[in-house]
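Here's a quick tour of the packing and the charged pairs in this one. Have the viewer open as you read.

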Amino acid sequence: MRVVQYLSSYKFSYRSKNFNFYIFHLLVDLRQQKMSVQYTTHIEQSNAHSSGIWSAKWSPRSNVVITGSLDKTIKVWDAETGEYYRTLHGHNLGIISLDIDPMGEMIVSVSLDNTIRRWSVNDGIHLETIQVIPGDAWSCQFSPALPEVRHFATSSQKGKVDIWDISTMPSSIVQSFSSGETKFGFCTRFSPNGKLLAFSTENDCIHLFDVESGKNIHKFKGETGCPIRTIDFTPNSSLLISGSDDETINIYDVRHFNRIGKCTGLDGFVMSVAAAGDNEHFVSGSTDGKVKLWNIENKQCLSTVGTHSNQVSALSWNPDGDKFISVSEDKSLKWYTATL
């Protein structure tokens, strides 16, 4: 329909020497329209928790969203309506990271109480508590190879990532990926194809590991020495996006081990980045409370999608890639949907 409308606005012959010129501008126009897709807030839970929310995840399979808060609880929400389902109690201090396994059946959570816990998504039953030494677990994520490989990863203050096997009870560490530096690890992420594992640290570094061999195959080094608090792979596993305390976002090509661009113009530490399913966009959340939508190709901010009254702690997309959520230190949970 857009093609017909566009062509009908011009009077020319298909045999005209200007035909190619018009077709070129048609493609440019359609490309710009694609880039102009916006997101608006359509659901908001203004007091989703009684304290700040530091983590959130949209389930890759089941129709739920989960949030983890400094109020020591995990809450489960209906992903479509925003309706509250249940609260998971058990941690004695705030939840700093959580994830849902690729099958949408299990939650893993990490808390300031120095425990890792596993839960059932469907009924909220507590499955396991793992005691760790202080600082030995911060960020967590399930392996995308589940259910074949029943593992999850946690980042550590000791400059390493631990891989936990959940096929037996209790869960145990079966492998550790070492950065070779005793620097605090803020974030760890598997590539969606399961071949790589990235690990960001307090000293402006991202270590890239080969999952099969466990080898540290590359180190991306920043320019300012500021902590990198958040990283995320694009769904095609070719790019890695990172957010730093230096108020910039970097994009790396993990196939050729080089930085392909930097996004600037932010007004706070970047606390969260999340790549969209189209491999062309991502969203960011910062300490200035703003949620921004970015274009990967031109490294430009397309719009400020939403605003929280405090820092944006986490972002997560739905499986279809047309909606996402944000959570904040201001206790709120927001849903965003695409509008043309």
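Is E80 buried, partly exposed or exposed, going by its relative accessibility? At 39%, E80 counts as partly exposed, where buried means under 20% relative accessible area, exposed means over 50%, and partly exposed is in between (1.4 Å probe, protein chains only).

## Ground rules

This is a predicted model: local features need pLDDT of at least 70, side-chain atom pairs count only at pLDDT 80 or more, and totals for chains, interfaces and linings use all residues. Residues are numbered from 1 along each chain as its sequence is written, and side-chain values use heavy atoms, with hydrogens and water left out.

## The nonpolar cores

The largest nonpolar core has 14 residues, and I116, F142 and F152 touch the most other members. A core here is a set of buried Ala, Val, Leu, Ile, Met, Phe, Trp, Tyr and Cys residues joined through side-chain atoms within 4.5 Å. Two elements give two or more residues to this core, β7 (106-111) and β10 (140-142), with β7 giving the most, three residues. Strands (E, at least two residues) and helices (H or I, at least four) are DSSP runs, numbered from the N terminus.

Take a look around I116: leaving out residues up to four places away in sequence, its contacts include V108, V110, I130, F152 and W164. Contact means heavy atoms within 4.5 Å. Apart from this core lies another, of 13 residues, with A48, I53, W58 and W335 among them.

## Salt bridges across the chain

Searching the whole structure turns up nine salt bridges, each a side-chain nitrogen of Lys or Arg within 4 Å of a carboxyl oxygen of Asp or Glu. E80 pairs with K323, their closest N and O atoms being 3.0 Å apart. That pair links distant parts of the chain: E80 sits in the loop between β4 (74-78) and β5 (84-88), while K323 is in strand β27 (residues 323-328), 243 residues apart. K323 is buried, at 16% relative accessible area.

D99 and K57 make another bridge, with closest N and O atoms 3.7 Å apart. Here strand β6 (residues 95-100) supplies D99 and strand β2 (residues 53-58) supplies K57, 42 residues apart. D99 is buried at 5%, whereas K57 is partly exposed at 23%.

## A buried pair and a network

K160 bridges to D162, the closest N and O atoms being 2.7 Å apart. K160 is buried at 18%, and D162 is buried at 1%. Elsewhere, a network of salt bridges links E223, R259 and K262.
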